[in-house]
Amino acid sequence: MEFDKVLEKRRTYRDYTDKEVSDEILNKVIEAAFKAPTNDHLRQLEFVVVRGRENIAKVIAPLAKNMAAFKTLVHEVDESGDKDKMAMFADALPKQQKMLMESGLLILPFFRQRQSPLLQPAEQSSLNYFASAWMSMENMVLEATNHGLGCVFHIPVADEVEKIKEIVNAPEGYEFTCLFTMGYPAENAFLPKQKEIDIQERIHVNKF
């Protein structure tokens with residue numbers, strides 16, 4: 001696929017068929033992560049791959065308690081009046097667990113945090129490892145799109161991080177960016193309306 005076409009087709013999908021993603025494609029997607037820029041040239045990435053809905057259910061069990069409270073919070077605090085945004089939330093929030101199970105493939109992308117604790121950065125550069133991890137995630141999303149897959153991720157909240165790290169036996173010093181899944185999009189998959197941006201209004205020459 002042409003690169004511009006990949007960018008255009010990269011969308012968040014939360015509805016999947018039950019068609020299995022092959023190990024061959026999975027390996028290509030993970031290989032793409034190691035081609036991203038990385039802090040200190042270390043590429044200290046590790047991936048926990050979970051297949052099968054029963055196994056995925058065990059890993060994502062900590063999500064259940066938080067979702068009801070989160071859905072209420074989002075609708076209470078949003079005052080933007082953005083109908084497209086709220087339509088996205090209306091579709092997304094009820095699917096936070098379902099979407100991670102439907103494809104039958106869950107990936108936890110881990111990276112080694114070598115300096116300040118992730119949530120207590122000493123300065124902006126303390127986030128370099130986290131930034132590198134997300135750059136690798138973007139490579140994975142683009143490679144998955146190149147193979148006709150849809151992707152979605154759930155960023156953990158509250159106590160989900162520590163509970164999930166315990167479930168998968170993650171070593172000390174490692175953090176994960178998100179719970180990531182990819183699969184073949186369902187024919188009727190909901191796609192939020194994309195915002196139309198005039199880039200000339202967003203480009204500032206020499207000063208803001």
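Biologist: Since the model is predicted, what is the mean pLDDT of the protein chain?

Modeller: Its mean pLDDT is 89, and 91% of the residues reach 70 or more.

Biologist: And which elements have the lowest and the highest mean pLDDT?

Modeller: Helix H4, residues 63-77, has the lowest mean at 64, while helix H2, residues 23-33, has the highest at 98. Keep that in mind when you look at helix H4.

Biologist: Let's turn to the fold. How many helices and strands are there?

Modeller: You'll find eight helices and five strands. Going along the sequence, they come in the order α-α-β-α-α-α-α-β-α-β-α-β-β.

Biologist: How do I read the overall size? What radius of gyration does the protein chain have?

Modeller: The idea is to compare it with what a compact globule of that length would have. For 208 residues that would be near 17 Å, and the protein chain has 18 Å, so the two agree. Along the principal axes, the C-alpha atoms fill a box of roughly 45 × 45 × 40 Å.

Biologist: How many of the residues count as buried?

Modeller: Of the 208 residues, 40% do. Contacts tell you something else about the chain: among those between residues at least 6 apart in sequence, 82% join residues at least 24 apart.

Biologist: Can we take one residue as an example? Is Leu-105 buried or exposed?

Modeller: Leu-105 sits in strand S2. Its relative accessible area is 0%, and the cut-off for buried is under 20%, so Leu-105 is buried. Glu-20 is 85 residues from Leu-105 in sequence, yet their C-alpha atoms are 8.0 Å apart in space.

Biologist: Where is Met-1, then?

Modeller: Met-1 is in the segment before helix H1, residues 3-9. With 47% relative accessibility, Met-1 counts as partly exposed. Beyond its neighbours within four places in sequence, Met-1 is in contact with Val-6, Lys-9, Thr-145 and Asn-146. Between Met-1 and Thr-145 there are 144 places in sequence, but 9.1 Å from C-alpha to C-alpha.

Biologist: Which residues line the largest cavity?

Modeller: Look for Thr-38, Asn-39, Leu-42, Arg-43, Gln-44, Leu-45, Phe-111, Arg-112, Tyr-129 and Ser-132. Strand S2 (105-112) and helix H7 (128-146) are the elements that each give two or more residues to this lining. By type, the lining divides into four nonpolar, four polar and two charged residues.

Biologist: Last one: backbone angles. Which phi does Ala-158 have?

Modeller: A positive one, about 50 degrees, although Ala-158 is not a glycine. Ala-158 is in the loop between strand S3 (150-154) and helix H8 (160-167), and it is exposed, with a relative accessible area of 69%.

Biologist: And what about Asn-206?

Modeller: Asn-206 is not a glycine either, and its phi is positive at about 70 degrees. Asn-206 lies in the segment after strand S5, residues 179-183. With 83% relative accessibility, Asn-206 counts as exposed.

Definitions and conventions. Residues are numbered from 1 along each chain as its sequence is written. This is a predicted model: local features need pLDDT of at least 70, side-chain atom pairs count only at pLDDT 80 or more; totals for chains, interfaces and linings use all residues. Side-chain values use heavy atoms; hydrogens and water are left out. pLDDT is the predictor's confidence in each residue, from 0 to 100. Helices (H or I, at least four residues) and strands (E, at least two) are DSSP runs, numbered from the N terminus. On a 1 Å grid over the protein atoms alone, a cavity is a set of points where a 1.4 Å probe fits but cannot get out, and a pocket is an open set with protein on both sides within 12 Å along at least five of seven lines; lining residues have an atom within 4 Å of a point. Ala, Val, Leu, Ile, Met, Phe, Trp, Tyr, Cys and Pro count as nonpolar, Asp, Glu, Lys and Arg as charged, and the others, Gly among them, as polar. Buried means under 20% relative accessible area, exposed over 50%, partly exposed in between (1.4 Å probe, protein chains only). The radius of gyration is taken over C-alpha atoms; the globule rule is 2.2 Å times the number of residues to the power 0.38. Contact means heavy atoms within 4.5 Å.
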